[in-house]
Amino acid sequence: MENIPAPTLSGKKGDADFCGSIPLNFLNLIQPHGLLLVLQPRSLTIVQASENSQQLLGLAAEELVKQPLESFLDPAECSALQQKLAQRDTFSYLPLSLRLKTPAGSKTFSATLHGREAYLLLELEELRADAQPMAFTTIYQEISYVVAALKEAGNLEELGQLATRELKKLSGYDRIMLYRFDRDWNGSVLAEAQAVDLPDSYLGLRFPATDVPRQARELYLHTPYRIIADAAAPAARLYPVINPLSSSLTDIAQCVLRAVPLVHQEYLQNMGVRASMSTPVVIGNQLWGLISCHHRQAKQPSFEERATFEIVSGIIAARISALEKEESFRYRSRLHKSELKLLEQLYTHPSLDEGLLAQPATLLNLLEVNGLALVTRNGLETAGEVPPETLIHQLIRWLSRYNKEKVFATDSLPRLISEAAPHRQLASGLIALQIAGGRQYLLGFRPEVLKTIKWGGNPNEALNFEPDGKQYHPRNSFNLWKEQVEYTSHPWQAEVLEAAQTLRTAILEKLVKEDIRL
């Protein structure tokens with residue numbers, strides 16, 4: 001029995017793994033609209049500074065290094081900062097405002113302090129004199145309006161459209177998308193709000209996992225947002241290159257100012273995007289998706305706008321979770337009716353075979369399958385539409401040899417076993433319940449469901465390597481590219497798998513009673 005390669009194009013996992021291996025935390029570069037200082041934790045002495053300090057402070061990085069931070073602060077501000085640090089032994093980030101003394105006079109910065117084991121990271125973004133910060137009342141009113149609108153959404157599609165529309169009004173970005181990850185970390189655009197003069201829409205398109213690689217996804221679990229203010233602006237390096245406190249490159253993974261890798265700069269350029277902001281949607285400590293914002297010009301969102309996105313993303317996550325739980329409850333209730341009927345059927349018939357298959361529609365409905373095969377010491381019993389008996393016995397041998405799970409399910413059986421491919425119209429999906437040791441199984445079969453996936457560009461060209469095999473570039477087209485997916489069935493929902501586990505327990509109890517009677 002042979003394995004065959006996956007017949008779809010949607011699994012470009014090698015590229016995704018490659019992108020996920022590229023370190024994003026040790027770039028040693030930051031975006032130039034802000035300043036990064038690395039501090040000794042106790043003395044707050046500056047040990048590294050970004051080389052754009054000349055433009056922002058009027059002092060070269062070499063002049064800042066080895067200077068105490070307090071020499072640039074008023075005594076009251078320095079004392080307030082020390083008190084905040086003393087109140088928190090460990091922290092990921094601490095937002096505050098600082099007024100720094102420079103040769104050209106004092107400048108006010110929006111600051112974020114990140115704690116590390118060996119050092120502190122101080123990010124500084126200048127507050128422009130002409131900037132008008134949003135009042136708390138305004139922020140509260142806007143968020144309250146969005147919350148009220150989201151509560152009215154009856155399904156995920158309505159929720160996404162409301163959220164993207166309202167966030168676009170608040171932020172002014174050219175495009176805002178609600179982006180959801182699948183089990184292979186490909187992302188689909190579920191909702192979109194965009195400027196009327198944008199030529200293309202990404203609504204309904206899927207993007208390969210390489211677009212948001214593993215390391216970037218992991219960072220989203222620890223950072224409230226990712227901002228690229230100007231992808232075309234040259235990055236600023238840290239001076240000196242090596243952090244004297246750690247004797248290595250400085251870990252800037254959670255810094256808002258972390259620079260943009262060259263491949264992502266090219267990716268945004270190919271999209272016609274100059275600025276972006278992404279806010280994670282996290283449900284149950286898992287990255288569910290992103291609120292992704294694009295802008296054709298440079299754009300630096302204010303701290304108030306960032307906080308609004310952070311709060312709204314949490315509200316969206318809570319509402320999505322509630323909708324999914326409601327749907328799951330309705331689904332489980334529907335399955336439970338079939339489950340109760342089947343259990344009654346199972347316990348009122350003298351044998352397992354009769355209990356399961358006397359009225360096969362009950363079991364077919366419970367597992368949501370089109371065909372059943374029961375293989376026990378009494379032989380083979382089938383119901384509904386099933387593949388040939390030879391394939392059924394091949395599956396039993398394969399399961400006995402390779403499967404370690406008590407309930408096994410796949411929605412792409414021909415990918416695992418080549419002999420199933422000719423019978424894909426009957427057996428593209430398989431659920432197998434091991435009902436006793438050895439080769440006794442209850443099998444359920446699902447037919448093939450042809451699907452067309454609409455990609456944002458050809459997923460086979462997500463990464464294009466140069467002849468040296470080292471340099472690579474992202475795809476340059478995001479036009480609609482269709483993929484026909486074959487050899488797959490409808491996916492197995494968690495609720496069905498739970499029902500299968502419950503059924504297996506009932507079957508084992510039935511077998512024990514039969515043995516006792518014997």
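Trainee: Where does S428 lie?

Mentor: In this predicted model, S428 sits in the loop between α14 (424-427) and β17 (429-436).

Trainee: What makes S428 count as buried or exposed?

Mentor: Its relative accessibility is 0%. The buried class takes values under 20%, so S428 counts as buried.

Trainee: Which backbone oxygen does the side chain of S428 reach, and what makes that a polar contact?

Mentor: The side chain of S428 reaches the backbone oxygen of R424 at 2.7 Å. The limit for a polar contact is 3.5 Å between N or O atoms, and 2.7 Å falls within that limit.

Trainee: Which residues is S428 in contact with, leaving aside its neighbours within four places in sequence?

Mentor: Among them are T410, D411, S412, R446, Y487 and S489. Contact here requires heavy atoms within 4.5 Å.

Trainee: D411 is in that list. Why is its link to R183 called a salt bridge?

Mentor: The closest N and O atoms of R183 and D411 are 2.8 Å apart. The cut-off is 4 Å, so the pair qualifies. R183 is in the loop between β7 and β8, D411 is in the loop between β16 (407-410) and α13 (413-416), and the two are 228 residues apart.

Trainee: What makes R206 and D182 a salt bridge?

Mentor: Their side chains meet at 3.8 Å, N to O, which is within the 4 Å limit. R206 lies in strand β9 (residues 206-207) and D182 in the loop between β7 (175-181) and β8 (187-194), so the pair ties together parts that are 24 residues apart in sequence.

Trainee: Why are R206 and D182 called partly exposed?

Mentor: R206 is at 22% and D182 at 25%.

Trainee: What about R296 and D197?

Mentor: R296 forms a salt bridge with D197, with the closest N and O atoms 3.1 Å apart. R296 is in the loop between β13 (286-295) and α9 (303-348) and D197 in the loop between β8 and β9, so parts 99 residues apart in sequence are tied together. R296 is partly exposed at 30%, whereas D197 counts as exposed at 52%.

Trainee: How many salt bridges does the structure hold?

Mentor: It holds 17 salt bridges. R165, E166 and K169 are linked in a network of them.

Trainee: What makes strand β14 mostly covered?

Mentor: Six of the six residues in β14 (residues 371-376) are buried. G371, A373 and V375 point one way, and L372, L374 and T376 point the other way.

Trainee: How do you know that β14 pairs with β15 and β18?

Mentor: At least two bridges are needed for strands to count as paired. β14 and β15 (residues 379-384) have six, in the antiparallel sense, and β14 and β18 (residues 440-446) have five, also antiparallel. In β15, T382 is the bridge partner of A373, and in β18, L442 stands opposite L374. A hairpin through two residues joins β14 to β15.

Key. Residues numbered from 1 in each chain as written. Predicted model: local features only at pLDDT ≥ 70, side-chain atom pairs only at ≥ 80, totals over all residues. Heavy atoms only, no water. Helix = DSSP H or I, 4+ residues; strand = E, 2+ residues; numbered from the N terminus. Buried < 20%, exposed > 50% of the residue type's maximum accessible area, 1.4 Å probe, protein only. Polar contact = N/O pair within 3.5 Å; in protein donor to acceptor, adjacent residues only side chain to side chain.
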